[in-house]
Amino acid sequence: MNISKQNKIAIIFTSLIYLCGFFLFLEWLYPIKQITNTSNMNVFIIYAVFCFVISYLQINWGLSFLLKGLGMAFIINGIFFKTSFFSKEWLSEIAHELSVNWYALIDQAWYDLTPIFRSILFLILIWLMSYLIHYWFVYTKRLLLFIVLTFVFLGVLDTFTVYDAKIAMIRTFVIAFMSLGVANFLKIVELETIKKVNWRKSFIWIIPLIFVVLFSTVVGYAAPKFEPQWSDPVPYISELTGIHPNGLAQKKVGYGEDDSALGGSFAQDNTRVFQAITNHEQYWRIEAKETYTGKGWEKLDDAGYTRFNENPSGINHDGNYSGGTVQEAEIAFQDKEIIPKLVYPYGMRNIVSDEAMSFMLDEHSGEIRPETVGQSKGIKNYAIQYVEPVYPKDRLREEANNHDPYEVKERYTQLPQTLPERVYTLAEDITKSYDNRFDQVSAVEKYFGRNGFQYETDGVPVPAEDQDYVDQFLFESKIGYCDNYSTAMVVMLRTLNIPARWVKGFSSGEKIGETEVNGEMESIFEITNANAHSWVEVYFPKFGWIPFEPTQGFSNPTEFVSAEEELNDTETTDDTLEAPESTEQAPLEQEEQDVEKQEKEAETETVGAMMNEDKDPPSQLVWYVSGSLVIILIILIVWLYRNRLFLQTKWIERKMNRHQDAKVFQEAYHHLLKVLNCNGMEKRPDETLREFAKQIDLRYSTDAMKQLTNMYERLLYRNENAVKAQQEVTQLWKNLIREISS
């Protein structure tokens, strides 16, 4: 076989190793979609392929830098911008993004980093990894470190997040052993343990490797497993560090049945669940739960399902409210996301479906199950007729706390005996200024927005074994999402003997378009798993269950009107609408108006500030400083890259002057081969070190390479630990490096 053929086959084996490195890197990318709110990973995988190909082809560093940079800019433009590529507007927006995020980095305000900048950082990381994996897998063939890190990475994700790494571990095992086998085969050849290689038969050598790896994988997967011999270390780590598995996004946002253990962060999921065609934004209710355990919510087992018939007053209400005309909402679920319960808006009166089925209502929780021949069945498409309820504030304030039915009072004021006393005290302090149920409920609802609570989905703690979920949220963490806020409000209302319950469903979702229905334009809303939500319902004897929204960033779906607004709605005369001058407003209503006034003033100031920002662009000094820093950083990176061999040579030279041992000399010899390779003198796979050394000495009219190679072989094959004639060897190495670099 001629030399060119041998080189081609060696390139094929090297390419196989590099391909294995790429597939291992993909194992780092696959989990991102599940544990973050990244909806589409395809664009990042395509960019990874692009960068890995360029790195493998060893394109000139300048051209490589330009191609990868253009690829990154093209992706960012396609995802985030609608302006033309590299237009003046595009460049201006990019400059603004870099400026804003630069100051966020300086201030360590990580949450203020914009999605564009985070995507840029992620693409840069892929760019760097393509270079590092090429260095590890192709040049040095030191694969083990990256393989071990991949296993550790997958193990941590499997333990502490929603990602199931079982199949990923198997894939990594197969890829790792294949790449290690091929890499060791090439290393043996390069170290001349095998003097002559029959390259025609070398591919046959891979067959037993593949067989052993696949056989081991199948046996390991199918064989019975021993029970764990050691205790689970996760509880110990959680106790030691204060980090709970749930606190690291173990749960995935979306509707679920089990709410017995609330707390912890969750992974965002923007998978569409259903679409709704309706006139207005709605909260989509599913069910309520009544039993608070100190850790979460459970349902009593006494659910009594009755057939749901047309309800003239709306479900969960007794009709003592005003509303408009009957409206209709059309619901369409995704095939894989059908929920075996109905989602419906408040004020629902009737269900319309093309499928022949009955609808069973649990009057305690408001849950509705579609059934066919007595079997529960999910329904994909249906329509709901409803009337949006409107409640009069004045009449709600007349509701007395002692008029609740016994069954409602008994079921919906339940609290665990372990609830800390300070929760009772806080609820009393919040409501002590009000003498009616509506104002007390409203005071608790607004408490969170005025006392330093923050809406967060990440870094949310999980209560310890002896800690109450609500108590932790109210007095320790003060951070959380809808489950924290709604549960805390229900529990505080129950300490005041006000019947309240915890409700689950979906928020209104995002409007994505409009469509014509019966000659009128109606909105299309897309509801995803990220819209899964919980809120509060409070019982008012003459009105039934009324929803309230304590979670920051969300608006109460219920409309409350004052007496004047009621009169306007009923089209009374102007004289009737005029209230006497002596009429006094309820204290909470006056407070609400004051807050609204302050919010409007703040909004006006914010808008004015934004207008001023638009009129007065950032100062030239800021742009000059930011631009100068970016240019300096780019120049520094380019200089370091171009002078990397020189800097590495100086570093190794310094080590040789300080430590003359076998390890340092081997590192110096390998660096010498690297310098020769970069200067166009690459050692062929079929060439021995001595033959290569002879060619180098002939080229530079010296015998330094021969002497250094003899010393390297003695250290390698005779296991000598000392370098003889240290100063002479060091000087030979320095002289040869200078000769090559000159």
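Biologist: Is Asp-483 buried or exposed?

Modeller: This is a predicted model, so every value here is computed from it. Burial is read from relative accessible area, and under 20% counts as buried. Asp-483 has 14%, so Asp-483 is buried.

Biologist: Where does Asp-483 lie?

Modeller: In helix 17, which covers residues 482-495.

Biologist: Which residues is Asp-483 in contact with, leaving aside its neighbours within four places in sequence?

Modeller: Leu-262, Tyr-469, Trp-502 and Ser-534.

Biologist: How many bridges join strand 18 and strand 21?

Modeller: Seven, in the antiparallel sense. Take one residue as an example. Arg-501 has Glu-537 in strand 21 as its bridge partner.

Biologist: Which side chain meets that of Arg-501 in a salt bridge?

Modeller: That of Glu-537, at 2.9 Å from N to O. Arg-501 sits in strand 18 (residues 500-506) and Glu-537 in strand 21, 36 residues apart.

Biologist: How buried is each of the two? What is the relative accessible area of Arg-501?

Modeller: It is 0%, so Arg-501 counts as buried. Glu-537 also has 0% and is buried.

Biologist: Over which ring does the charged end of Arg-501 sit?

Modeller: The ring of Trp-545, 4.1 Å from its centre. Lysine gives another case: the charged end of Lys-478 sits over the ring of Phe-453, 5.2 Å from its centre.

Biologist: How many salt bridges does a search of the whole structure find?

Modeller: The search finds 20. One of them joins Lys-299 and Glu-287, at 3.6 Å from N to O. Lys-299 lies in the loop between strand 6 (297-298) and strand 7 (305-307), and Glu-287 in strand 4, so the pair ties together parts 12 residues apart in sequence.

Biologist: Is Glu-287 buried or exposed?

Modeller: Glu-287 is buried, at 1%. Lys-299 is partly exposed, at 27%.

Biologist: Which residues are linked with Lys-299 and Glu-287 in a network of salt bridges?

Modeller: Lys-341, Glu-367 and Arg-369.

Biologist: Now the aromatics. How many aromatic pairs does a search of the whole structure find?

Modeller: The count is 35. A pair of aromatic rings is described by the distance of the centres and the angle of the planes. Take Trp-28 and Phe-146: 5.9 Å centre to centre, 15° between the planes, and stacked. Trp-28 lies in helix 1 (residues 3-29) and Phe-146 in helix 7 (residues 144-160), so this pair ties together parts 118 residues apart in sequence.

Biologist: Which accessibility class does Trp-28 fall in?

Modeller: Partly exposed, at 24%. Phe-146 is buried, at 3%.

Biologist: What is the geometry of the pair Phe-274 and Phe-333?

Modeller: Tilted, with 5.0 Å between centres and 40° between the planes. Phe-274 lies in strand 3 (residues 272-278) and Phe-333 in strand 9 (residues 327-333), so the pair ties together parts 59 residues apart.

Biologist: Which residues do ring pairs link with Tyr-18 into a cluster?

Modeller: Phe-22, Phe-23, Phe-25, Phe-52 and Tyr-56.

Key. Residues are numbered from 1 along each chain as its sequence is written. This is a predicted model: local features need pLDDT of at least 70, side-chain atom pairs count only at pLDDT 80 or more; totals for chains, interfaces and linings use all residues. Side-chain values use heavy atoms; hydrogens and water are left out. Helices (H or I, at least four residues) and strands (E, at least two) are DSSP runs, numbered from the N terminus. Buried means under 20% relative accessible area, exposed over 50%, partly exposed in between (1.4 Å probe, protein chains only). Contact means heavy atoms within 4.5 Å. Rings of Phe, Tyr and Trp (its six-membered ring) pair if their centres lie within 6.5 Å; planes under 30 degrees apart count as stacked, over 60 as edge-to-face and the rest as tilted. A charge sits over a ring if NZ of Lys or CZ of Arg is within 6 Å of the ring centre and within 35 degrees of the ring normal. A salt bridge is a side-chain nitrogen of Lys or Arg within 4 Å of a carboxyl oxygen of Asp or Glu. Two strands pair if DSSP finds at least two bridges between them.
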